[in-house]
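Subject: Handover of a structure and findings

Dear colleague,

Please find the structure below for your use.

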Amino acid sequence: MTSIAPRPLVIAVDGPAASGKGTIARALAAHYELPHMDTGLLYRAVALNLTRWGGDPGNEFEALRACDRAGVSPDDPDLRSEIVGEVASRISAYPSVRAALLERQQAFAAQPGGAVLDGRDVGTVIAPAAAVKLFVTASPEIRARRRTEELLASGRRVHFDDVLTDIRARDRRDGGRDAAPLQRAEDAVLLDTGEMSRDEAIRAAIALVERKRG
Ligand code: C5P
């Protein structure tokens, strides 16, 4: 009797900042018992490393040197700060930085049982053969409102208008760069979370995965 090994389930979740893709990716990973990688954290770790040793985000060579992540813990509270996100968005436009982080992401996606990865180019570059690709989005205003609420809840003093300006700048940079720009893969399913609660978005994502698998 021949047994057929189940196909690994690789789920790519891409989308712009504060679209809810991280929440959805974590929920999918828990639901399907798969390992999860937030690929944005890799770029953030490089950005934080660079900032800490006083490197220049405008210099590709210095950004590349910062890819050696020694010294940045995944639990470092600064990793998720707005300023580090901003620097991450700048250094992630460098092809050499993207190339330096590629292998780690592809190895994660190639685990035997599969994996869930979220980011900007998972469905287009990191795992173009992923079984399921979601492109999670919402309007800039809705994303800025969510991000503002999150930041206020964590005790930071922020204004909606500033957050919206940052989100728009990030969208322009992530979508307009030459190297792996943020774009929906042709075979990605669009999930607009704008009118959805957190739980509704998770339920919708699971339903989309089930539909794709079925
Ligand atoms: O997802 P997050 O906002 O943490 O990512 C920070 C920045 O890292 C993004 O604005 C984007 O420029 C960059 N990034 C990327 N490719 C990825 C993940 C993140 O360019 N796969």
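Is N59 buried, partly exposed or exposed, and why is it classed that way? The model is a predicted one, and in it N59 has a relative accessible area of 27%. Buried residues lie under 20% and exposed residues over 50%, with partly exposed in between, so N59 is partly exposed.

N59 and I91 are 32 residues apart along the chain, and their C-alpha atoms are separated by 8.5 Å.

Together with V97 and L117, I91 is among the residues with the most contacts inside the largest nonpolar core, which has 31 residues. At least two residues of this core come from each of β1 (9-14), α2 (40-52), α4 (82-91), α5 (95-109), β3 (114-119) and α6 (122-126). The element that gives the most is α2, with 8 residues. Once neighbours within four places in sequence are set aside, the contacts of I91 are Y43, V46, A47, L50, P57, A63 and V97. There is also a second, separate core of 22 residues, and A27, V116, V136 and A204 are included in it. In soluble globular proteins, nonpolar side chains tend to be buried together.

Turning to the chain as a whole, there are 9 helices and 5 strands. Read from the N terminus, the order of elements is β-α-β-α-α-α-α-β-α-β-α-α-β-α. Of contacts between residues at least 6 apart in sequence, 75% join residues at least 24 apart.

The overall dimensions are as follows. For 214 residues, a compact globule would have a radius of gyration near 17 Å; the chain has 17 Å, and therefore agrees with that expectation. Along the principal axes, the C-alpha atoms fill a box of roughly 60 × 40 × 30 Å. Buried residues make up 48% of the 214 in the chain.

With kind regards

Conventions
Residues are numbered from 1 along each chain as its sequence is written. This is a predicted model: local features need pLDDT of at least 70, side-chain atom pairs count only at pLDDT 80 or more; totals for chains, interfaces and linings use all residues. Side-chain values use heavy atoms; hydrogens and water are left out. A nonpolar core is a set of buried Ala, Val, Leu, Ile, Met, Phe, Trp, Tyr and Cys residues joined through side-chain atoms within 4.5 Å. Buried means under 20% relative accessible area, exposed over 50%, partly exposed in between (1.4 Å probe, protein chains only). Helices (H or I, at least four residues) and strands (E, at least two) are DSSP runs, numbered from the N terminus. Contact means heavy atoms within 4.5 Å. The radius of gyration is taken over C-alpha atoms; the globule rule is 2.2 Å times the number of residues to the power 0.38.
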